[in-house]
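Subject: Structure handover

Hello,

Here is the structure for you to look at. Please open it first, then read on.

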Amino acid sequence: MTDTRITYRDATLDDGPALDAMARKIWLETFEHSASAEDIALYVGEAYGPAGKLIAAMADPAHHFRLACAGEDIAGYVKLSSVWLEAPALLPGALQLSQLYVATPFHGSGIAQALMAWTIDTARSRGATALVLTVWEDNDRAKRFYDRYGFVHIGDYAFPTGNQIDRDLIMQLVL
């Protein structure tokens, strides 16, 4: 990678294969240790690849992907979605921050903060009352990041990793 300047843009369907590969790599780096090889393979098989959920979401207008690019490489992304979570404390009119991933070589570069700023600004411009997200209860780095923005724990979500069920925290930021 020779160009380390970061540019930001909306994703297109043409970005699908590269974004899918990047997201799969980050997911495995972050979570592969947390479940059996069988459960990891089941999850990855549903989430990624040409028929995976990520590629399908790119074609769905309920999702908006924003990319951080270092030259031709995707260094990070965020997915802003209509809310699919349910929690008693969830504010009506919220939007959901469904994913915010930054490739390991770019940790500490400000990409996560820039993507979060875009997400908050975009949600506000759409009239959202809040942003909600889920984060794995053992992902301390991500929880600290969301805490700095004022997200608060409002409920729990049973996240299936294959046949294993993990506890994700539902967090909300009032806008």
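Leaving aside neighbours within four places in sequence, Y146 is in contact (heavy atoms within 4.5 Å) with L97, L100, M116, L133, V135, F151 and M171. Y146 is also among the residues with the most contacts inside the largest nonpolar core, as are L19, W27, Y48, Y77 and L100. That core has 53 residues. A nonpolar core is a set of buried Ala, Val, Leu, Ile, Met, Phe, Trp, Tyr and Cys residues joined through side-chain atoms within 4.5 Å. Buried means under 20% relative accessible area, exposed over 50%, and partly exposed in between (1.4 Å probe, protein chains only).

A word on the basis. This is a predicted model: local features need pLDDT of at least 70, side-chain atom pairs count only at pLDDT 80 or more, and totals for chains, interfaces and linings use all residues. Residues are numbered from 1 along each chain as its sequence is written, and side-chain values use heavy atoms, with hydrogens and water left out.

Next, E29. This residue is found in helix α1, residues 16–31. Helices (H or I, at least four residues) and strands (E, at least two) are DSSP runs, numbered from the N terminus. E29 is partly exposed, at 41% relative accessible area. E29 and A103 are 74 residues apart in sequence, yet 9.6 Å apart in space, C-alpha to C-alpha.

Last, the sheet. Seven strands form an open, mixed sheet in the order β1-β2-β3-β4-β5-β7-β6. β1 (6–10) and β6 (152–161) stand at the edges. Each has a single partner strand, so one side of each lacks a neighbour in the sheet.

Best wishes

Methods: Pairing = 2+ DSSP bridges.
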